[in-house]
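Please look over the notes below alongside the model.

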Amino acid sequence: MMNLLENISPLHLSLLFSSALFCLGLVTALARSNTILVLLGVELMLNAANINFIAFAGRSQGAAASTGVLFAIFSIAVAAAEAAVGLALIIAIYRHRRSVRLRTRTN
């Protein structure tokens with residue numbers, strides 16, 4: 001196992017890590033009924049994309065290297081705004097329904 005990890009490049013390791021993080025976020029977003037956990041899953045998927053931006057920026061040279069970092073910073077800003085709006089919506093829904101569950105019994 002250690003010999004296998006020694007032969008993998010840092011780009012491949014970061015791609016494996018971001019793939020695992022994206023799958024974890026996807027499973028969390030699809031399998032959970034709690035709205036906050038769904039929002040957490042979406043954030044994990046956005047962070048997986050940021051890891052890919054940074055990993056490929058490290059492989060590039062010149063202006064392309066800074067473009068990946070700029071995309072990652074822009075994505076972090078969008079994720080922060082998305083989290084703020086999402087949490088505000090969750091609070092508003094909680095005040096109205098007294099629950100943050102996506103699937104509630106109706107009978």
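This is a predicted model: local features need pLDDT of at least 70, side-chain atom pairs count only at pLDDT 80 or more; totals for chains, interfaces and linings use all residues.

1. The secondary structure of the chain comprises 4 helices and 0 strands, and its elements run α-α-α-α from the N terminus on. With a radius of gyration of 18 Å, well over the 13 Å that the globule rule gives for 107 residues, the chain is more spread out than a compact globule.

2. The C-alpha trace spans about 55 × 35 × 15 Å along the principal axes of the chain. Of the 107 residues, 26% count as buried. The accessible surface of the chain is about 7,700 Å², and carbon and sulfur atoms account for 70% of this area.

3. Among contacts in the chain with a separation of 6 or more, 62% are between residues 24 or more positions apart.

4. Helix α2 covers residues 10–31, 22 residues in total. From its first C-alpha to its last, α2 reaches 31 Å, close to the 32 Å expected at 1.5 Å a residue.

5. Which residues of α2 are buried? They are Leu11, Ser14, Ser18, Leu21, Gly25, Thr28 and Ala29. Seen down the axis of α2, these buried residues fall within an arc of 120°, so they line one face of the helix. An α-helix has 3.6 residues a turn, so residues three or four places apart point the same way.

6. The cover over the buried residues of α2 includes α3 (35–59). On the other side of α2, Leu16, Val27, Leu30 and Ala31 are exposed.

Technical notes
Residues are numbered from 1 along each chain as its sequence is written. Side-chain values use heavy atoms; hydrogens and water are left out. Helices (H or I, at least four residues) and strands (E, at least two) are DSSP runs, numbered from the N terminus. The expected span of a helix is 1.5 Å times one less than its number of residues. Buried means under 20% relative accessible area, exposed over 50%, partly exposed in between (1.4 Å probe, protein chains only). The arc is that of the directions from the helix axis to the C-beta atoms. Contact means heavy atoms within 4.5 Å. The radius of gyration is taken over C-alpha atoms; the globule rule is 2.2 Å times the number of residues to the power 0.38. Accessible areas come from the Shrake-Rupley method with a 1.4 Å probe; for residues, only the protein chains shown count as cover.
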